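Here is a short briefing to read alongside the model. Keep your viewer open and follow the topics in turn.

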Amino acid sequence: MKKLLLATALSAAAFTGAMAQQQQQPGFAPAVAAKPAGGPAKNANYVVDPTHTFVMYEMGHYGTTTNRGRFSTKDGSVLIDGTGASGKVDITMDISSVNTGVDLLNRHVQSKDFFNVAEFPTGRFVADRIDFSGGKVVDVPGTLTLMGQTRPVTLKAVRFNCYLSPLINRQVCGGDFETTVERSDWGITWGLNFGFENKVKLLVQVEAVNVQ
């Protein structure tokens, strides 16, 4: 049953992503607008849509500009408990997909100096609790695993909403989340002694499809 739900959700997510790409083309518009869908459903299983879920990072260097990059996600799930006031999150990130927009920099951050993707191609965020207020997610305290090391991280919701997708006729919930970490906690120390900052801001966008 779980495999069937996962397959259904992934198909829906793929279709949503394809339709979204079409919508970006001139002259294409959805037939109907998305409708509000209340908050996350109780006892619901949401599957993360990888076409709408990414992790961006921002790191200052030399006190001037900010280096930025983005990771794709491989898969993930969000389970809402029976009270509708908490739940669990498990998302796997494709660290090898990191993209800074500059090929040379991509190769550097993929190397042992930074993420060492040859040995650690994925990262993982896991949370056993979701904090709600007024039916909306406000905090997700959990752990982030990178480079084989796990550290506590709390994601703060900047925005959160649920809607009924007109493309797949399913409830979709998601939002933008932020946190600031110190990369040295995961053993990423290159450049700390000559101008590359330790503090890194993580910007996370997530959308997940209710498969129940």
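What volume does the largest pocket have? The largest pocket comes to about 670 Å³. This is a predicted model, in which local features need pLDDT of at least 70 and side-chain atom pairs count only at pLDDT 80 or more, while totals for chains, interfaces and linings use all residues. Residues are numbered from 1 along each chain as its sequence is written, and side-chain values use heavy atoms, with hydrogens and water left out.

**The largest pocket**

- A pocket here is an open set of points on a 1 Å grid over the protein atoms alone where a 1.4 Å probe fits, with protein on both sides within 12 Å along at least five of seven lines; lining residues have an atom within 4 Å of a point.
- Grid points are joined across faces, edges and corners, and the volume is the space filled by probe spheres set on the points.
- The lining of the largest pocket has 44 residues, and V55, M93, L155, L202 and V204 are the closest to its centre.
- That lining divides into 38 nonpolar residues, five polar and one charged (Ala, Val, Leu, Ile, Met, Phe, Trp, Tyr, Cys and Pro count as nonpolar, Asp, Glu, Lys and Arg as charged, and the others, Gly among them, as polar).
- At least two lining residues come from each of β3 (54-60), β4 (66-80), β5 (87-99), α2 (103-110), β8 (136-146), β9, β10 and β11.

**Overall fold and confidence**

- The protein has two helices and 11 strands (DSSP runs numbered from the N terminus: helices are H or I with at least four residues, strands are E with at least two).
- Along the sequence, the pattern reads α-β-β-β-β-β-α-β-β-β-β-β-β.
- Of the 212 residues, 41% are buried (buried means under 20% relative accessible area, exposed over 50%, partly exposed in between, with a 1.4 Å probe and protein chains only).
- Mean pLDDT, the predictor's confidence in each residue from 0 to 100, is 88 for the protein, and 84% of residues reach 70 or more.
- Residues 1-29 stay under 50 in pLDDT. Where pLDDT is low, the predicted coordinates should not be read in detail.

**Strand pairing**

- Strands β9 (residues 149-164) and β10 (residues 171-182) pair in the antiparallel sense over eight bridges (strands pair if DSSP finds at least two bridges between them).
- R159 has D176 in β10 as its bridge partner.
- Six residues lie between β9 and β10 in their hairpin, and N169 in the turn has a positive phi of about 55°.
- β10 also runs antiparallel to β11 (residues 199-210), joined to it by 11 bridges, and E178 stands opposite L203 in β11.

**Residues to look up**

- F125 sits in strand β6 and counts as buried because its relative accessibility is 7%.
- Beyond four places in sequence, F125 is in contact (heavy atoms within 4.5 Å) with residues including V89, M93, V140, V153 and L155.
- M147, in the loop between β8 and β9, has a positive phi of about 55° although it is not a glycine; M147 is buried, with a relative accessible area of 15%.
- Y62, in the loop between β3 and β4, is another residue other than glycine with a positive phi, near 60°.
- K112 lies in the loop between α2 and β6 (122-127) and counts as exposed because its relative accessibility is 70%.
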